[in-house]
Amino acid sequence: MNKNIKLDGLNHNEKKQITILSLVILMTCVILFGTSYAWFIINTNSQKTTNIIAGNLDLVFDDTNGGEIQLRNQTPISDEEGLQTNGYTFKIKNVGNIEAKYTIFLDDVDLENGENRLPDGVVKYNLIKNNKVITTDNLYNLKTKILDNTTLDVNQSNTYTLKIWLDESNFNSDHTNKVLKKKLRIEASQIQKIGAYTYNEEDGASNYCVTGEEATCQSTNCYKNKEIGSCPTGTIIKYKVNDTDIIPFHVMFDQGETITMQSQRNIVDEETKWITKEDYLKVGGVETAWHWAYGNGNKGPITALTALENATKEWQNVNNQTYTIGTTVFKENAYTKCELTSEKYNCIENSYTLPERTAKARMITVQELIALGCKNTTIGCPKWIFNYLSSQQTVNMDKQDGYMIMNTSYFKVNNKEYGYYYYIGANKSVNINGNFMNSMGIRAVVEINK
């Protein structure tokens, strides 16, 4: 289902600060596109109410308040002025009998012959959801083209208002005679949670449940509650990550609208290294810095992350995660270098950084493991964190006896720093591995909507 947005035909006669040359060009633009000075048009050529059907899911796209918006006599304006425009209001309602998940996209529309596309960087947008501002930003930053990605319970609705305006701080004469064409697109599907169970690792408890397979496991609908923390840490959620694959996860953190989870078992379980020499040199590593026996970790887990991203790239039912290792804070701080003392782990600086990544899954961090209850090598971690490893399994599923963590530390060989990476291992805790070329499994940390 599409709703078209067209941006063209600008009238800048009232902008006195524009040069005479710009005025001539802009007047030409008006002549080329006729006497209508509308620059933002949402056109609905079909019926006012459009249904989306997915199985027994029925969403209604309701724009009965009007099929078209035209903002006439517009010029590039300030954000303050742009936020005062009326915008286009529409409603999405779940009138089916199951929970719904939907994504709203703002896609490019093909241009006609002779038209030139207006850069997204000269356009600002504002999205309001249920009278609350979600985003005010430059359209260029909407790289995923996703305006909103959320869920709806039965008989619930969300009302949106979308405002778009030309950004006076970025618009210049080079942007005349150009057109911005967009369309609203909505994709919907049923909720992909297959089952959820309350976690309890206390032996002998009447609701003992560490894998979701025990006869004493008790079901929970905590994921329907959008209060922060409604799904406790460890909660088991069997989730349909795509059309065919159901993966069991454990809840790490419940943010209210979203849940961060880690896969119950290793997703990458073959012979996978933190980083190979080939990948190390490819990202700028120096030949002389690569130790023949230990490798080097100062460029990050390039090989491991690539393997994980390849293994999970078809998980369309989990959210994209955009993060920058060394900058994005995962719980306490963003540092990639951690030191293990007798009592705790201290993450104090970056041993490596990586450019921004967008992926369906990432690796867990030491900071998150501390927040989840890991203490030190003596006290260890909650059972769900190390369960299913080959020497600690409830059911022997994983080939490897550990899985990698995102953080590193350093040691010296002949006065050169090489380092080691952290992993969850057979001793039920966070460990260090002094060889970056040793193979290890990888578990997937994902984010889903409630």
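**Entry 1: disulfides**

I looked up Cys209 in this predicted model and found a relative accessibility of 0%, so I recorded Cys209 as buried. Its partner is Cys217, and the two sulfur atoms lie 2.1 Å apart in a disulfide. Cys217 has a relative accessible area of 15%; because the limit for buried is under 20%, Cys217 is buried as well. I noted 90 degrees about the S-S bond of Cys209 and Cys217, a right-handed link.

Another links Cys374 with Cys381, the sulfur atoms being 2.0 Å apart. This link is right-handed too, at 120 degrees about the S-S bond. I found Cys374 and Cys381 buried.

How are the bonded cysteines paired in sequence order? I wrote down the pattern 1-2, 3-4, 5-6, 7-8.

**Entry 2: aromatic rings**

I counted 8 aromatic pairs. In one, the ring centres of Phe90 and Tyr160 are 5.3 Å apart and the planes meet at 15 degrees, so I listed the pair as stacked. Phe90 belongs to strand β6 (residues 88-94) and Tyr160 to strand β11 (residues 157-166); the pair thus connects distant parts of the chain, 70 residues apart. Both residues, Phe90 and Tyr160, are buried.

I next examined Trp274 and Tyr421, whose ring centres are 5.2 Å apart with planes at 10 degrees, so this pair is stacked. Trp274 lies in the loop between β16 (258-263) and α3 (277-282), while Tyr421 is in strand β24 (residues 420-424), 147 residues apart. Trp274 and Tyr421 are buried. I also saw that Trp274, Tyr352, Tyr421 and Tyr423 form one aromatic cluster.

**Entry 3: charges over rings**

I found the charged end of Arg185 over the ring of Phe105, 4.0 Å from the ring centre. Arg265 lies over the face of Tyr388, at 4.8 Å from the centre of that ring.

**Entry 4: the largest pocket**

I recorded about 1100 Å³ of space in the largest pocket. It is lined by 37 residues, and those closest to its centre are Thr144, Ile146, Asp148, Asn149 and Asn320. Elements giving two or more residues to the lining include β7 (100-108), β12 (180-190) and β26 (445-449).

Which element supplies the largest share of the lining? I found that β10 does, with 6 residues. By type, I sorted the lining residues into 10 nonpolar, 16 polar and 11 charged.

How values were computed
Residues numbered from 1 in each chain as written. Predicted model: local features only at pLDDT ≥ 70, side-chain atom pairs only at ≥ 80, totals over all residues. Heavy atoms only, no water. Phe/Tyr/Trp six-rings, centres within 6.5 Å; stacked < 30°, edge-to-face > 60°. Helix = DSSP H or I, 4+ residues; strand = E, 2+ residues; numbered from the N terminus. Buried < 20%, exposed > 50% of the residue type's maximum accessible area, 1.4 Å probe, protein only. Lys NZ or Arg CZ within 6 Å of the ring centre and 35° of its normal. 1 Å grid on protein atoms, 1.4 Å probe; cavity = no way out; pocket = protein on both sides within 12 Å on 5 of 7 lines; lining within 4 Å. Points joined across faces, edges and corners; volume = space filled by probe spheres on them. Nonpolar A, V, L, I, M, F, W, Y, C, P; charged D, E, K, R; others polar. Disulfide = S-S within 2.5 Å.
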